[in-house]
Amino acid sequence: MDTGDTAFVLMSAALVMFMTPGLALFYGGMVRHKNVLGTLMQSFILLGLITLEWVLWGYSLSFGTDHAGLIGGLEWLGLNGVGMTPSPDYGTTIPHLAFMIFQCMFAIITVGLITGAVAERMKFSAFLLFALLWSTFVYNPLAHWVWGVGGWMGRMGALDFAGGTVVHISSGASALAAALIIGRRYGYGTTAYIPHNLPMTITGAAILWFGWFGFNAGSALACDGLAVNAFVVTHVASGVAALTWIFMEWRHRGEPTTLGAASGAVAGLVAITPASGFVSPMSAVVIGGVAGIICYGGILLKARLGYDDSLDVVGIHGVGGTWGALATGLFASTAVNPNAADGLFFGNPVQLWIQFISVIASMAFAFVMTLVILKVVDAIIGLRVSEEEEIKGLDNSLHNETGYSF
């Protein structure tokens with residue numbers, strides 16, 4: 001066991017944990033002031049709910065003994081047998097508990113990402129039940145498919161260093177399903193939904209950028225050169241994507257905006273996530289640059305298609321995650337990670353096909369399972385607040401609180 005690696009992974013886990021409050025601020029600033037606390041609450045409470053799920057059964061289902069390549073076993077229920085000695089499969093130089101808590105933070109924020117698609121109109125009770133079911137029946141299997149020993153995508157050779165398929169494609173596809181099932185906000189198309197606090201959103205984006213170094217570099221599970229590469233390409237892709245987004249916005253709308261810069265930075269972070277342990281800094285420039293362009297196009301798409309993805313989860317995480325997973329199949333290089341594979345541009349076109357299969361499978365699984373889960377939740381307790389409660393605002397109607405005293 002290496003104390004330096006252990007310290008690095010624990011610090012990375014803390015950074016990823018900090019991303020969830022950062023996400024809360026990022027989303028909270030974009031809603032109307034009457035829904036700011038309700039939006040913050042949906043992310044913040046996951047630190048409790050999904051942690052409990054992860055400890056009781058989620059970790060075991062995700063990383064336990066493989067069953068047919070689809071799901072982990074139940075031997076680690078309640079973290080039984082997950083202790084302070086290293087695991088032979090998940091970080092041989094760090095305590096098993098360190099790997100467990102690092103992965104716990106991923107499980108938490110992934111559910112939180114979906115909340116942006118249904119902001120300002122979902123019951124809190126319905127959200128809690130949905131989050132618990134989604135984590136169990138969508139996130140846990142996907143994590144096992146890609147990262148668990150014996151998972152079918154991992155065996156196939158799919159490359160996902162820190163969560164392109166598991167985190168971003170799954171949340172983007174699920175966000176689309178949720179937006180379609182729950183429906184538009186009252187007044188959508190006729191009412192202007194203006195972000196009430198963009199300084200809050202910029203602060204949240206900065207926290208996400210900061211925490212993402214733990215997200216990607218920490219996935220090396222060691223304080224080594226691979227972690228350094230992941231750190232560098234994460235920063236490069238995010239910065240380039242912020243630039244290309246505002247240039248697109250400037251050309252399309254006439255002005256570059258702070259919201260655009262924040263959104264572009266997050267799009268770059270999303271896109272580089274699956275590739276961060278496999279690509280060089282110059283490849284990251286291309287990945288981030290393309291992400292800023294196509295994710296900006298992705299948010300314009302919802303107006304044409306007519307669905308109400310409140311805070312652009314589909315356009316940023318769905319589109320960005322898809323591009324990142326496919327870009328890994330283009331730019332991956334064994335010169336960066338000898339334990340991985342080369343991509344198309346380094347002589348291995350098969351890797352791009354493998355990435356494509358993993359993208360389609362993740363999308364389809366997350367979308368269909370989310371539809372089923374939402375239908376079940378709707379039948380049990382209902383998904384939406386009433387029209388009167390929505391007009392009044394979730395802060396007052398669901399939590400009996402007010403975010404601001406005017």
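N400 sits in the segment that follows helix 15 (394-399), where helices (H or I, at least four residues) and strands (E, at least two) are DSSP runs numbered from the N terminus. The phi angle of N400 is near 55°, a positive value in a residue other than glycine. N400 is exposed, with a relative accessible area of 66%; here buried stands for under 20% relative accessible area and exposed for over 50%, with partly exposed in between, as found with a 1.4 Å probe on protein chains only. The model is predicted, so local features need pLDDT of at least 70 and side-chain atom pairs count only at pLDDT 80 or more, whereas totals for chains, interfaces and linings use all residues. Residues are numbered from 1 along each chain as its sequence is written, and side-chain values use heavy atoms, with hydrogens and water left out.

D312 also has a positive phi, near 65°, in a residue other than glycine. D312 belongs to the loop between helix 11 (281-305) and helix 12 (313-331), and D312 is buried, with a relative accessible area of 17%.

When its neighbours within four places in sequence are set aside, S12 is in contact (heavy atoms within 4.5 Å) with F102, G214 and G218.

Helix 1 also packs against helix 2, at an angle of about 155° and with the axes 8 Å apart; axes are lines fitted to C-alpha atoms, for helices over the stretch in contact, and angles run from 0 to 180 degrees between N-to-C directions. Helix 1 and helix 2 are therefore roughly antiparallel to each other, given that angles under 35 degrees count as roughly parallel, over 145 as roughly antiparallel, 65 to 115 as roughly perpendicular and the rest as oblique. Their crossing is right-handed, a term used if the near helix is turned clockwise from the far one by less than a right angle, with anticlockwise giving a left-handed crossing. From helix 1, the residues T20, L23, A24, L25, Y27 and G28 meet V36, T39, L40 and S43 of helix 2. By class, this contact of helix 1 with helix 2 has 6 nonpolar, 4 polar and no charged residues, where Ala, Val, Leu, Ile, Met, Phe, Trp, Tyr, Cys and Pro count as nonpolar, Asp, Glu, Lys and Arg as charged, and the others, Gly among them, as polar.

Within helix 2 (residues 36-44), the residues V36, G38, T39, Q42 and S43 are buried. The cover over the buried residues of helix 2 includes helix 1, helix 3 (46-63), helix 4 (96-114), helix 5 (124-147), helix 8 (198-217) and helix 15.

Helix 4 is itself mostly covered, with 17 of its 19 residues buried. From its first C-alpha to its last, helix 4 reaches 29 Å, close to the 27 Å expected at 1.5 Å a residue, the expected span being 1.5 Å times one less than the number of residues. Helix 4 packs with helix 5 at an angle of about 125°, their axes lying 10 Å apart, and the two are therefore oblique to each other. Helix 4 passes helix 5 in a right-handed crossing. The contact is made by Q103, F106, A107, T110, V111 and I114 of helix 4 together with F130, A131, W134, S135, Y139 and W147 of helix 5, and these residues divide into 9 nonpolar, 3 polar and no charged.

The contact of helix 10 with helix 11 has 7 nonpolar, 1 polar and no charged residues.

Helix 13 (residues 349-380) holds Q351, which counts as buried at 3% relative accessibility. Leaving aside neighbours within four places in sequence, Q351 is in contact with G157, A158, L159, G329, A341, D342 and G343. A361 also has its place in helix 13 and touches W152 and M153, not counting residues up to four places away in sequence. The C-alpha atoms of A361 and L142 are separated by 9.8 Å, although these residues are 219 residues apart along the chain.
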